[in-house]
Amino acid sequence: MKHIAISIEYAGLTLPVVKNAQGLEHVPLKPICELFGLKWETQRTKVSERFYADYLGICTLKALVCTPLKGGADDQIREHTFLRLDRVAAFLMTINPDRVRANGNDSGADFLQAKLTEWADALHDYETFGSAHNPRHADALLAIRQANAIANVAKMKDATLRRIALARLGIDETTATASPNGDLFATP
């Protein structure tokens, strides 16, 4: 029998990606907890609560999961607690960096604090401006800023101000005529 193994690297940790019965991608939770020096039983109990179980997509699956921090030597398929891949950041948001630091993991605490701050800023931008960007993707940031600027120009009632704003954005007013609903690039 042939197997296809898929894994991701997250915070320097390689995690296997498995699909549950519904086809959703999941990663094992225990290696993430070990990375930050958290007590596994405490975290397992926390994510077993109904809210976290539903919110994080917690499930128990049989899989071969090597835990490099514990030696990773056993090749047995066992039941493991998994969380949805798209909810890893949400799980990390439940962890206090001070607790990680108190466990002697300063680099993990610093990484976690930086991520929590980045995600809080992104959520604020999303709620405030309707979009957010990853600061490590400068091209995406520029495109988002241009799109937001164009959307704001489209709302301008004063034709002179709109013409000046379009010129500052490098857009020729003759190619950007607004439709009645304010769309600058409407097709006639």
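Q: Which residue takes a positive phi in the hairpin of E2 and E3?
A: That's glycine 23, with a positive phi near 85 degrees. The hairpin has five residues between its strands. Keep in mind that this is a predicted model.

Q: OK, and in what sense do E2 and E3 pair?
A: Antiparallel, over two bridges. Lysine 19 has glutamate 25 of E3 as its bridge partner.

Q: What about E3 and E5, how many bridges there?
A: Three, and the sense is antiparallel there too. E3 covers residues 25-28. Look at histidine 26 for an example: its bridge partner in E5 is arginine 84.

Q: Is E5 largely enclosed or largely open?
A: Largely enclosed by the rest of the structure, because five of its seven residues are buried. The strand runs over residues 78-84.

Q: Let me zoom out. How many helices and strands are in the protein chain?
A: Eight helices and five strands. From the N terminus on, the order is β-β-β-α-α-α-β-β-α-α-α-α-α.

Q: And what share of the residues is buried?
A: 31% of the 188 residues in the protein chain. The chain exposes about 12,600 Å², and carbon and sulfur atoms supply 54% of that area.

Q: What share of the contacts with a separation of 6 or more comes from residues 24 or more positions apart?
A: They account for 43% of those contacts in the protein chain.

Q: Which residues have the most contacts inside the largest nonpolar core?
A: Ile32, Phe91 and Leu92, in a core of 23 residues. The elements giving two or more residues to this core are E2 (13-19), H1 (30-35), H2 (40-48), H4 (88-92) and H6 (106-129). As background, nonpolar side chains tend to be buried together in soluble globular proteins.

Q: Since you mention H2, which of its residues are buried?
A: Trp40, Gln43, Lys46 and Val47. Seen down the axis of H2, the buried residues fall within an arc of 130 degrees, so they line one face of the helix. In general, an α-helix has 3.6 residues a turn, so residues three or four places apart point the same way.

Q: What covers those buried residues of H2?
A: The cover includes H1, H3 (50-56), E5 and H4.

Q: Switching to H8, which residues are buried there?
A: In H8, residues 159-168, the buried ones are Arg162, Ala165 and Leu166. Down the axis of H8 they fall within an arc of 100 degrees, so they line one face of the helix. Leu161, Ala167 and Arg168 are exposed on the other side of H8.

Q: Which residue caps the N-terminal end of H8?
A: Aspartate 158 does, with a side-chain oxygen 2.8 Å from the backbone nitrogen of threonine 160. Just after H8, glycine 170 takes a positive phi of about 80 degrees.

Q: Now some loops. Where is asparagine 105?
A: In the loop between H5 (97-102) and H6.

Q: Why does asparagine 105 count as buried?
A: Because its relative accessibility is 17%, and buried means under 20%.

Q: What does its side chain reach?
A: The side chain of asparagine 105 reaches the backbone oxygen of leucine 35, at 2.9 Å. Leaving aside neighbours within four places in sequence, asparagine 105 is in contact with Leu35, Phe36, Gly37 and Val100.

Q: How many residues apart in sequence are asparagine 105 and glycine 37?
A: 68 residues apart in sequence, and 6.7 Å apart in space, C-alpha to C-alpha.

Q: One more loop: where does serine 131 sit, between which helices?
A: Between H6 and H7 (138-154).

Q: Buried or exposed?
A: Serine 131 is buried, with a relative accessible area of 19%.

Q: And what does serine 131 touch?
A: Asp125, Tyr126, Ile144 and Asn148, not counting residues up to four places away in sequence.

Notes:
Residues are numbered from 1 along each chain as its sequence is written. This is a predicted model: local features need pLDDT of at least 70, side-chain atom pairs count only at pLDDT 80 or more; totals for chains, interfaces and linings use all residues. Side-chain values use heavy atoms; hydrogens and water are left out. A nonpolar core is a set of buried Ala, Val, Leu, Ile, Met, Phe, Trp, Tyr and Cys residues joined through side-chain atoms within 4.5 Å. Buried means under 20% relative accessible area, exposed over 50%, partly exposed in between (1.4 Å probe, protein chains only). Helices (H or I, at least four residues) and strands (E, at least two) are DSSP runs, numbered from the N terminus. The arc is that of the directions from the helix axis to the C-beta atoms. A polar contact is a pair of N or O atoms within 3.5 Å; within protein, one must be able to donate a hydrogen and the other to accept it, and residues adjacent in sequence count only if both atoms are side-chain atoms. Contact means heavy atoms within 4.5 Å. Accessible areas come from the Shrake-Rupley method with a 1.4 Å probe; for residues, only the protein chains shown count as cover. Two strands pair if DSSP finds at least two bridges between them.
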